[in-house]
Structure formats: structure tokens, C-alpha cells
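Reader: I'm new to this one. Can you put it up and walk me through it?

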Amino acid sequence: MKTLTIRLTSPLQSYGNEASFARRTSGDYPSKSAVVGMIAAALGYRRDDQRISKLNELSFAVRVDQRGKNLTDFQTVEWKKNTRKITYRNYLQDAVFMVGIGHENEAMIDKIEQALRNPKFQLFLGRRSNVPAGILDLKAISNTNPIMALEELKWQASPWYQEKKWWQTKQEFVEHIEIIADANLLPQKRSILAKDQVESFDQRNRRHGFRPIAIEEVRLKNPYVERAQAAINPQDPNTHHDPMQFL
């Protein structure tokens, strides 16, 4: 199996779950349907394209590297003349996620990687207003599945968040980083059902089905520790400074 990892970050992200007109909430991490939709947009598939269902075959996992803070926005909607309603939208602020997608057909992963680097349609993270923060950071890895890739990949949280975590814990490793994946990728873990299997993106008949998922926690080294140690390394002539040498 070949795996492609994708770093997802933006000032705002939102991954819809069950919603009503009055309030549209967000999940805590990217859903598989959201990532499938982003890949379909990159490939140039329109909402009613039958090829989208083929993307459900991708093995999928997501690692929560930096949990976002919740933000609630409200909008005033005039849904009929002289009648207004307030609707609420939830977002995740400053979150960072690492997504892994895999398939036995390496050519399929290569095609998706090329499409994400040169998308046909605009990419967005859950909602159209939430565009990625710059060019997507992609990495293709052969002979591995999404779980193996995310277990080995360095912690990708923002530098300021890595430093904050260090001062909070004073630990070299960060504990309890969640990976949420297709249940068949974590056969030893208890599975639950998530309603994010794409059946149709057609706006006239949008449907999602259930798929089994499982969760594991991993322990990753905080890169800030190495940066901090390098900054005070007395053996490095570029960082060592003795003010008394001028006296």
C-alpha cells in the first residue's frame, strides 16, 4: 500500500455533522467525507460525478496534532419578506491535522497527489470560506498504510504551540495524540460508527452513510526541545557568547 499524508491547517476549519438551519456545528477533526470532497474537487469531479464513490475505497486516518478552539459565528437571514432569523455556524480556530490516505493502487495515490498540487477546483477545509493556509504539505510513502505513516511522522503542530506545550508540561514527549482511522486499520481497537461515508454530494440529494472507525493514542517527540537545546549549545560557536571576554 502507498500512503499520502496531508497537513491540514487554516485560521478556520469546519467539518459538518448533523445540522439544522438554525445551527451548524463542526466535528473535532476532518471527516472522511470532507477529505474525499477535497480530493474530488482537486481532480475536477463535479458533485454528481459517479467517480466520487470510488474515493470511498481509500484507506483513511487523521491525527489530531493541534486541537482547535471553538468559534461560533452568527448570521441574520431574511428567509422571507420582513421575516428574519439568526443562524449559528461553528468553526475550529488554529487547528492542525495530519491526514493519511492509502491505496494498494499506487498510481491512484500518485494521481491524487498530482491533483492536490494542481487542483482543478478551489480547495477548502469543510466550508468554502475556509481555504488552506498556503500550499498543502504533502508526503508520499511507499509500502506503508496510513496508521504506520502517522505513527512515524513528526509532530506537525505549529511552532508556537509546540513551545506552549513544552512550558506547560516540561516533557520531551507529547502524550495522548489521537489517531482516528478506518476500523480495519486498527483491528485491535473497539470500533464505533461515524456517518461520513459519501453516498452523494449532489445538492438535490446529499447523502452520507455509516462506516466503522477506531481510535488509538500515540506518543510523539516535541521538536521544540531540539530547537531549544540547539539555541543554548555551548559547543556551537554561532550561539555561544561570553560577555566577559571583552573586559
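Author: First, the ground rules. This is a predicted model, so local features need pLDDT of at least 70 and side-chain atom pairs count only at pLDDT 80 or more, while totals for chains, interfaces and linings use all residues. Residues are numbered from 1 along each chain as its sequence is written, and side-chain values use heavy atoms, with hydrogens and water left out.

Reader: Pockets, then. What is the volume of the largest pocket?

Author: About 1,500 Å³. A pocket here is an open set of points on a 1 Å grid over the protein atoms alone, with protein on both sides within 12 Å along at least five of seven lines. Grid points are joined across faces, edges and corners, and a volume is the space filled by probe spheres set on the points.

Reader: And how many residues line the largest pocket?

Author: The lining has 42 residues, and Gly16, Gly126, Phe201, Arg206 and His208 lie nearest the centre. To count as lining, a residue needs an atom within 4 Å of a point.

Reader: Which elements give two or more residues to that lining?

Author: Helix H1 (32–43), strand E5 (83–103), strand E8 (191–200) and strand E9 (207–221). H1 gives the most, with six residues. Helices (H or I, at least four residues) and strands (E, at least two) are DSSP runs, numbered from the N terminus.

Reader: How do the lining residues divide into nonpolar, polar and charged?

Author: The largest pocket has 16 nonpolar, 14 polar and 12 charged. Ala, Val, Leu, Ile, Met, Phe, Trp, Tyr, Cys and Pro count as nonpolar, Asp, Glu, Lys and Arg as charged, and the others, Gly among them, as polar.

Reader: Back to H1. Is the helix mostly covered or mostly open?

Author: Mostly covered: 10 of the 12 residues of H1 are buried. Buried means under 20% relative accessible area, exposed over 50%, partly exposed in between (1.4 Å probe, protein chains only). Among the buried ones are Lys32, Val36, Ile39 and Leu43.

Reader: How far does H1 reach?

Author: H1 reaches 16 Å from its first C-alpha to its last, close to the 16 Å expected at 1.5 Å a residue. The expected span is 1.5 Å times one less than the number of residues. Gly44 follows H1, with a positive phi near 85°.

Reader: What classes line the cavity?

Author: Eight nonpolar, one polar and no charged residues.

Reader: Switching to rings. How many aromatic pairs are there?

Author: Three. Rings of Phe, Tyr and Trp (its six-membered ring) pair if their centres lie within 6.5 Å; planes under 30 degrees apart count as stacked, over 60 as edge-to-face and the rest as tilted. Trp160 and Tyr161 form an edge-to-face pair, 5.7 Å centre to centre with 85° between the planes. Ring pairs link Trp155, Trp160 and Tyr161 into a cluster.

Reader: Why is Tyr161 counted as buried?

Author: Because its relative accessibility is 16%. Trp160 counts as partly exposed, at 46%.

Reader: Where else do those two turn up?

Author: Trp160 and Tyr161 are among the residues that line the second largest pocket. That pocket has a volume of about 150 Å³. Helix H4 (159–169) gives the most to its lining, with three residues.

Reader: Which charged end sits over the ring of Tyr91?

Author: That of Arg127, 5.0 Å from the ring centre. The rule is NZ of Lys or CZ of Arg within 6 Å of the ring centre and within 35 degrees of the ring normal. Arg219 lies over the face of Phe173, at 4.1 Å from the ring centre.

Reader: Last topic, backbone. What is the phi of Asn82?

Author: Positive, about 65°, although Asn82 is not a glycine. Most residues other than glycine have a negative phi. Asn82 sits in the loop between strand E4 (69–80) and E5, and is exposed, with a relative accessible area of 62%.

Reader: And Asn143?

Author: Asn143 has a positive phi of about 55°. Its place is the loop between strand E6 (137–141) and helix H3 (146–152). At 66% relative accessibility, Asn143 counts as exposed.

Methods. On a 1 Å grid over the protein atoms alone, a cavity is a set of points where a 1.4 Å probe fits but cannot get out, and a pocket is an open set with protein on both sides within 12 Å along at least five of seven lines; lining residues have an atom within 4 Å of a point.
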